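Open the model in your viewer and keep the selection tool at hand.

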Protein chains: 2
Amino acid sequence: MLDRVTEISDAAGTRWLSDTELAAWMPFSAMLMALITALDTQLRRDAKLSLFGYFVLAGLSEAPERTLPMSQVAVLANGSLSRVSHAVSALERQGWVTRHPAPSGRRSTLATLTEAGYAKVVASAPGHVETVRRLVIDPLTKQQFGQLGRISEKILTELTPGGECARE
Amino acid sequence: MLDRVTEISDAAGTRWLSDTELAAWMPFSAMLMALITALDTQLRRDAKLSLFGYFVLAGLSEAPERTLPMSQVAVLANGSLSRVSHAVSALERQGWVTRHPAPSGRRSTLATLTEAGYAKVVASAPGHVETVRRLVIDPLTKQQFGQLGRISEKILTELTPGGECARE
């Protein structure tokens, strides 16, 4: 439905994509969906872990004392707080994460990676990294992978944690 | 967990990412998750439709007689056949899609977009297109968006429908 209207803006003011824009958007959107699915599939199959769960565990493994406020966990997994809360509950049931009130008395909840959770990340990382390399890095030239990083940074500035734009 | 080991390959043979590779991978992976979430959030909020469901409806709207075999629907939504089947069931309950056996006698199932489904895509497209433009196209130069399209095509060649690589 993006390519039925070729003029840039119709009566309702919608700025439809031009043919040139579609030629970039179609492969990009297909790649987005396919890559997320492929990374998720590998982790579920080999590590019984979702991509979202992996991002949470890996992020905590890098944090000071392997601990972050839940609001920061939402940022690193780029999900809404309610969605992250649900995902962290699942990780907690597996014994990989614990949640506890912040000791400062501030009304926030902290998430901490357990030893078992750390072992889980260490065991899951090699398969994930190999998949990333095979699907994303190996097919590109070094120059292209660098371009992809810079392009991603520019798109990220439009996106706020929680997945919606600050302007909305 | 991708940046703890800086050597290219460790004793177990894992080809960890170099600092340069990490500098591209980290924003790219964050952008992937955040963009999917943002596109999904806009569609759920404004059109009561998931991003996955939108891709299915939009793909059918472009097909001859607005009909595709379910195996092709899986390709366009880049999901596994079982996941797509589940998603199409939800679209069927809304009255937007019907499923029926292929008339040729081949043992395949076809999915057809209904008139209500077509109207749903037409009504949902402008908000989706505006979000795509605002979050992805406007922040980039034309050259960068073109690079992104070509990079995506190269990554797509490594990805097969169903979300996993043919080599596995």
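Select A:R133 and B:E21 first. This is a predicted model, and in it these two residues form a salt bridge, with 2.9 Å between the closest N and O atoms. Between chain B and chain A the count is 6 salt bridges. Residue pairs in polar contact between chain B and chain A, both at pLDDT 80 or more, number 14.

Next, colour the helices of chain B. Which elements give two or more residues to the side of chain B that touches chain A? They are α1 (19–47), α2 (51–62), α5 (115–137) and α6 (142–156) of chain B. Select α1(B) among them: with 21 residues, α1(B) gives the most to that side. Colouring by residue class shows 43 nonpolar, 17 polar and 18 charged residues on the side of chain B that touches chain A.

Now select both sides of the interface. On chain B, 78 residues are in contact with 77 residues of chain A. Show the surfaces: the two chains bury about 7600 Å² between them, and 66% of that is on carbon and sulfur atoms.

How do the two sides compare? Of the interface residues of chain B, 99% are also interface residues in chain A, so the copies meet through the same surface.

Notes. Residues numbered from 1 in each chain as written. Chains lettered and ligands numbered in written order. Predicted model: local features only at pLDDT ≥ 70, side-chain atom pairs only at ≥ 80, totals over all residues. Heavy atoms only, no water. Contact = heavy atoms within 4.5 Å. Buried area = accessible area lost by both parts, 1.4 Å probe. Salt bridge = Lys/Arg side-chain N within 4 Å of Asp/Glu carboxyl O. Polar contact = N/O pair within 3.5 Å; in protein donor to acceptor, adjacent residues only side chain to side chain. Helix = DSSP H or I, 4+ residues; strand = E, 2+ residues; numbered from the N terminus. Nonpolar A, V, L, I, M, F, W, Y, C, P; charged D, E, K, R; others polar.
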